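Please read these notes with the structure open beside them. They go through a sheet, the nonpolar cores and a ligand site in turn.

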Amino acid sequence: MNDIQLYDKKFEVFIKADELKHIVSSLAKKINESNLENPLFIVVLNGSFLFASDLIKKIEIPNTEISFMKISSYIGVNSSGKLKKIFGIEKDISNRNIFIIEDIVDSGNTIHEVVKILNNKNVKNIKIITLLYKPDAYKKKIKIDYIGKSISNDFVVGYGLDYNDLGRNLSNIYKLKE
Ligand code: 5GP
Ligand code: MG
């Protein structure tokens, strides 16, 4: 039912838009409860742009700021392991409370790199938010503070996530059909 095709691959519905809405609301509630002062949300592009925009609209912490960085590691359906910083944070963020917004944490290479970059900038505190988390693929020790949903090691697309640049506009999340 409702399968889609992107290039050579078929995908099936995995997380519907309605469930995504619930996940985003419950994450926002928990983040709002943290009440960290003058937080800076750093959106890790590209994949997290839709998730981040839905989430940030629900953040009610006073003096919230938003910034973006871009890191790239995936080619096709496998993590390339090689990370490329496309652009980072230019302004002074020393002593700031940071929330990193990720679409999905897989091996953890990307989040590890992002945390390393931010720690070099002497931030006060880093919390990690991810919509999706693959516990069986995760190889790092860094704690993921806010997890929308843990999933198995399937390749997923939609709601910002792509397969070779296609599928980001889909409002459901789909998983690869074997
Ligand atoms: P990691 O560095 O943790 O292995 O992978 C993190 C990045 O790889 C994510 O931010 C995301 O861009 C991409 N990625 C990981 N798993 C998937 C997946 O199932 N689907 C898509 N489209 N991208 C993924
Ligand atoms: Mg990402």
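1. How many bridges join β9 to strand β10, and how do the two run? The model is predicted. In it, two bridges link β9 to β10 (residues 173-176), and the two strands run antiparallel. V157 stands opposite Y174 of β10.

2. This pair belongs to an open sheet of four strands, with the order β1-β2-β10-β9 and antiparallel pairing. Its edges are β1 (4-6) and β9 (156-157), each of which pairs on one side only.

3. The largest nonpolar core contains 29 residues. I31, F51, L55, I101, I129, L132 and I173 have the most contacts inside it. Two or more residues come from each of α1 (17-34), β3 (40-45), α2 (49-56), β6 (97-105) and β7 (125-133). The largest share, six residues, is that of α1.

4. I31 deserves a look on its own. Apart from neighbours within four places in sequence, I31 is in contact with F41, L55, I59, I61, F99, I129 and Y146. A second, separate core has 21 residues, including I42, V115, V123 and I144.

5. Ligand 1 is surrounded by 18 residues, the closest being S107, G108, T110, V156 and D162. At least two residues of this shell come from each of β4 (65-75), β6 and α3 (109-119). The largest share, four residues, is supplied by β6.

6. A backbone N or O atom lies 2.9 Å away in D106 and 2.7 Å away in G108. For K134, a side-chain N or O atom is 2.8 Å from a ligand 1 oxygen. On its own, ligand 1 has 510 Å² of accessible area, and the protein covers 93% of that.

Notes:
Residues numbered from 1 in each chain as written. Chains lettered and ligands numbered in written order. Predicted model: local features only at pLDDT ≥ 70, side-chain atom pairs only at ≥ 80, totals over all residues. Heavy atoms only, no water. Pairing = 2+ DSSP bridges. Core = buried A, V, L, I, M, F, W, Y, C linked by side-chain atoms within 4.5 Å. Buried < 20%, exposed > 50% of the residue type's maximum accessible area, 1.4 Å probe, protein only. Contact = heavy atoms within 4.5 Å. Near = heavy atom within 4 Å. Polar contact = N/O pair within 3.5 Å; in protein donor to acceptor, adjacent residues only side chain to side chain. Areas by Shrake-Rupley, 256 points an atom, 1.4 Å probe, with all protein chains shown as cover.
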